Amino acid sequence: MSSSPATTTIPDDPPILGRYRVYGELAAGGMATVHFAKLVGAAGFSRVVALKRLHRHLATDPAFRAMLLDEARLSARVNHPNVVRTLDVLEDGDDVVIVMDYVLGESLSRAVRGGRAPVDVAVAIVVDVLNGLHAAHEARDAHGAPLAIVHRDISPQNILVGADGVAHVIDFGIAKAATRLASTTGGMTKGKQRYMAPEQLLGETVSRETDVYSAAVVLWELLAGEALFEGAKAEALVARAMSEVTRAPSDAEPSVPPALDALVLRALSRSPNARFPTARAMAQELAQTVHPATPEAVAAWLDAVAGDALEIAREQIARIERHEPAAETSPAASSVRALDGVAWPSELPTKALPSVSVRRRSRAWIIAGAIVVALGGAAFFVLGATREHIADVTPIAAASPSSGASAQVAPSASAPPEAPPSTTAPASP
């Protein structure tokens with residue numbers, strides 16, 4: 001996906017989809033477009049998110065529609081700091097939209113742009129990716145059954161390095177799972193062939209070791225600063241799938257230590273059984289072989305290679321967070337509005353968030369009701385206290401000579417008769 005935050009504009013009256021105000025384009029790819037959006041809630045709550053919308057000509061295709069919904073269903077089961085979370089799914093006519101966490105950062109492909117990263121930075125990024133993959137591989141459904149998710153498309157384009165120095169796995173669009181609804185068409189190979197494991201290229205069974213292989217290709221290229229495999233012709237792909245990788249990262253970059261060479265080549269073994277059994281196992285050994293850079297060091301590296309893009313994104317997010325549409329503007333003013341050339345429905349569903357003016361009137365009624373209840377309670381308290389006070393002072397008033405006469409005051413009907421003096425405590429009633 002190509003990021004284009006610099007061209008994003010803030011509309012005065014942004015389109016609304018469900019609870020989300022939709023702003024400019026964040027990224028675009030062959031299957032979907034990603035937009036900035038702001039979740040609007042009660043009591044002034046808001047949060048910037050990312051909306052991934054399937055292109056309209058694909059959304060009407062049942063297979064592609066099911067694929068995107070599968071992505072949302074699968075990734076929603078993966079809860080890990082190194083995986084971008086899925087928050088919501090929206091369907092409106094021909095539109096299918098996935099709501100995801102917005103992470104300020106840059107894709108690894110744009111950050112390195114074909115170059116290399118420092119060894120410790122490369123190790124830190126791939127350790128994060130492996131930990132996120134392990135969480136996906138271990139994910140279970142609501143009944144506790146393993147989902148057996150395999151990402152199948154690990155590449156620099158699907159790794160997001162956050163401005164905080166934490167890397168995230170994104171895009172489970174072609175992930176394979178035991179319970180996946182949308183299955184791959186027979187004979188079709190999905191994913192970026194440059195990063196595919198041999199079994200995936202040959203259309204054989206994929207497993208978690210398939211993702212380990214792809215992560216190892218990413219690591220090789222980060223260390224070496226060049227592509228491990230070139231050429232996409234069928235002959236070259238078959239030859240590659242049938243042979244072992246023997247070219248070590250240090251062949252291109254001598255600073256790579258021998259122990260790291262050996263680890264990478266093991267993960268690139270042609271046989272899945274010869275690789276690391278899990279992504280976590282590779283992550284642990286990788287961190288023991290080379291001490292990973294701290295998140296602060298990764299963040300500093302990212303700022304050095306992509307600082308301008310990050311600053312543009314920060315300014316964009318700040319503008320979206322500050323933006324408030326006119327209070328008198330009705331969210332349902334029109335059925336369809338154009339956003340960067342793409343039609344978006346703007347009419348809120350029946351149970352959607354009310355307009356700003358309605359929310360203000362609701363808050364006013366709530367405040368007024370609270371005041372009435374409080375005043376009523378105070379009045380009840382004062383009245384009760386006054387009655388108790390009158391009952392207590394009546395005998396004193398009757399004996400008081402201030403009136404100038406020895407007038408007798410009849411006892412209150414509610415007051416008990418005066419008891420004779422006694423040295424013992426009165427019995428409880």
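Two strands count as paired if DSSP finds at least two bridges between them, and helices (H or I, at least four residues) and strands (E, at least two) are DSSP runs numbered from the N terminus. With that in hand, welcome to a predicted model, in which local features need pLDDT of at least 70, side-chain atom pairs count only at pLDDT 80 or more, and totals for chains, interfaces and linings use all residues. Residues are numbered from 1 along each chain as its sequence is written, and side-chain values use heavy atoms, with hydrogens and water left out.

**Strand 9 and its partners**

- Strand 9 (residues 159-162) pairs with strand 10 (residues 167-169) in the antiparallel sense, over three bridges.
- In that pairing, I159 sits opposite V169 of strand 10.
- Four residues separate strand 9 and strand 10 in a hairpin, and G165 in the turn has a positive phi of about 90 degrees.
- Strand 8 (residues 105-107) also runs antiparallel to strand 9, joined to it by three bridges, with S107 opposite L160.
- Side chains in a regular strand alternate between the two faces of the sheet.
- Here I159 and V161 point one way while L160 and G162 point the other, and all are buried (buried means under 20% relative accessible area, exposed over 50%, partly exposed in between, with a 1.4 Å probe and protein chains only).

**Nonpolar cores**

- A nonpolar core is a set of buried Ala, Val, Leu, Ile, Met, Phe, Trp, Tyr and Cys residues joined through side-chain atoms within 4.5 Å.
- The largest one has 64 residues, of which L108, I125, L260, L268, M282, L286 and W301 touch the most other members.
- Elements giving two or more residues to this core include helix 3 (108-112), strand 9, strand 10 and helix 10 (295-322).
- Helix 4 gives the most to this core, with 13 residues.
- Beyond its neighbours within four places in sequence, W301 is in contact (heavy atoms within 4.5 Å) with L108, A111, V112, A117, P118, V121 and I125.
- Another core lies apart from the largest one and has 22 residues, V34, A72, I98 and V103 among them.

**Salt bridges**

- Side chains of opposite charge can pair when their charged atoms come close.
- Counting a side-chain nitrogen of Lys or Arg within 4 Å of a carboxyl oxygen of Asp or Glu as a salt bridge, the total comes to twelve.
- D101 and R47 form one of them, with their closest N and O atoms 2.4 Å apart.
- Because D101 lies in strand 7 (residues 95-101) and R47 in strand 5 (residues 46-54), this pair ties together parts that are 54 residues apart in sequence.
- D101 is buried at 15% relative accessible area, whereas R47 is partly exposed at 33%.
- E285 and R266 meet in another salt bridge (3.7 Å, N to O); E285 lies in helix 9 and R266 in helix 8, so the pair links parts that are 19 residues apart in sequence.
- Within helix 10, R314 and E311 are three residues apart, about one turn of the helix, and their side chains form a salt bridge (3.7 Å, N to O).
- R314 is partly exposed at 33% relative accessibility, and E311 is partly exposed at 39%.
- Salt bridges with shared partners join R47, R85 and D101 into one network.
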